[in-house]
Every structure is written in C-alpha cells, then in structure tokens.
Amino acid sequence: MDELPGSFGTSASLALRFGQTIFSLASIFFMCLDVAFFTYTSFCYLVTVMGLVIPWSLTLIVVDAYSVFIKCLPRQPKILLVIIVGDSVLSFLLLAAASSTASVTNVLLAAEGYCTAKPCSRYQFSAAMAFFSWFLSLASSLFNLWLLPSL
C-alpha cells in the first residue's frame with residue numbers, strides 16, 4: 001500500500017484535517033458567543049476539548065501540507081502510532097463532549113424558562129459542529145490505523 005487515501009501525508013488527510021479544524025473552530029465560536037456558557041459543565045468540557053483539538057489539528061495540517069507539497073511522506077511506524085493514539089483519544093473526547101452538550105441542550109429546551117431560543121440554538125449548532133469534527137477525527141484515525149500494518 002503505497003498511498004492510502006486519507007492516511008497521514010496525503011491530500012485527503014489534509015482535507016480531513018482542514019475540515020476538522022473548521023468544524024472545531026465553528027463549534028467553539030458558537031459556544032462562546034453566549035457569555036453564560038460557563039454555567040454548565042458540559043459546555044465548559046466542550047470548550048476545553050476543542051482547546052485541545054484545534055492545536056492538534058493545526059499542527060497536523062502543517063505536517064500534511066508539507067508532505068503534500070514537498071512530496072516527502074513521513075512514513076515511520078512510531079510517528080504514525082503517535083498520530084493514531086492522539087486521534088483516537090481526541091476522537092473519544094470529542095464524542096463525549098458533543099454528546100453531553102447535545103443532551104444538556106435538549107434538557108434546557110425541554111425545561112421552560114432555562115434557555116431562550118437564541119442561545120439554545122447556538123448550543124445546538126455548536127454540538128452539531130462538534131459531531132462533524134468528531135466524525136472527521138475518527139475517519140482520520142481509522143485511515144491511519146489501516147495504514148499502520150503495511151509499514
């Protein structure tokens with residue numbers, strides 16, 4: 001397997017990382033538009049996880065861009081294993097944060113008077129962006145895991 005689409009160092013991986021970063025930035029942006037997000041633990045957890053995901057994704061965007069444009073594929077098992085573990089851990093954290101944010105938002109919407117329509121719609125949109133970011137992170141982790149035995 002010389003080049004698996006979506007694996008580390010390919011243009012598909014660059015697109016996955018770019019999408020993951022955009023969705024993570026959108027999620028944190030819509031969560032932080034409301035100044036009262038910090039009153040709920042799950043919303044703070046989402047912001048914290050996004051604070052971990054965004055630098056991770058930006059770093060790997062730089063490495064993927066270097067690999068794509070310079071045509072130098074860093075295919076070393078130890079480096080790929082670190083990326084797989086990092087993606088997997090962040091993927092699980094993202095899923096937990098997105099799920100908790102979505103469930104707390106649903107509870108707030110069901111309870112009358114706790115959340116008006118505007119902030120709750122922002123919370124819902126933030127949770128949706130977190131789910132999209134999780135999906136891309138999981139896809140990247142699985143593509144790299146698929147590549148690992150061939151090295």
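In this predicted model, helix α2 passes helix α4 in a left-handed crossing. Helix α2 covers residues 41-70, and the two helices pack at an angle of about 40°, with their axes 12 Å apart. On the side of α2 the contact is made by Phe43, Leu46, Met50 and Val53, while α4 contributes Tyr123, Ser126, Ala130 and Ser133. Sorted by class, the residues of this contact of α2 with α4 are six nonpolar and two polar, with no charged residue.

Helix α4 also packs against helix α3, where α3 spans residues 77-110 and α4 spans residues 117-147. The angle here is about 155°, and because angles over 145 degrees count as roughly antiparallel, α3 is described as roughly antiparallel to α4. The crossing of α3 and α4 is left-handed, and their contact holds 18 nonpolar, 12 polar and one charged residues.

| Helix pair | Angle | Axis separation |
|---|---|---|
| α2 and α4 | about 40° | 12 Å |
| α3 and α4 | about 155° | 8 Å |

Is Arg17 buried or exposed? Arg17 has a relative accessible area of 0% and is therefore buried, since the cut-off for that word is under 20%. Apart from neighbours within four places in sequence, Arg17 is in contact with Trp56, Ser57, Leu60, Ile61, Asp64, Ile83, Asp87, Ser140 and Asn144.

Methods
Residues are numbered from 1 along each chain as its sequence is written. This is a predicted model: local features need pLDDT of at least 70, side-chain atom pairs count only at pLDDT 80 or more; totals for chains, interfaces and linings use all residues. Side-chain values use heavy atoms; hydrogens and water are left out. Axes are lines fitted to C-alpha atoms, for helices over the stretch in contact, and angles run from 0 to 180 degrees between N-to-C directions. Helices (H or I, at least four residues) and strands (E, at least two) are DSSP runs, numbered from the N terminus. Angles under 35 degrees count as roughly parallel, over 145 as roughly antiparallel, 65 to 115 as roughly perpendicular and the rest as oblique. A crossing is left-handed if the near helix is turned anticlockwise from the far one by less than a right angle, and right-handed if clockwise. Ala, Val, Leu, Ile, Met, Phe, Trp, Tyr, Cys and Pro count as nonpolar, Asp, Glu, Lys and Arg as charged, and the others, Gly among them, as polar. Contact means heavy atoms within 4.5 Å. Buried means under 20% relative accessible area, exposed over 50%, partly exposed in between (1.4 Å probe, protein chains only).
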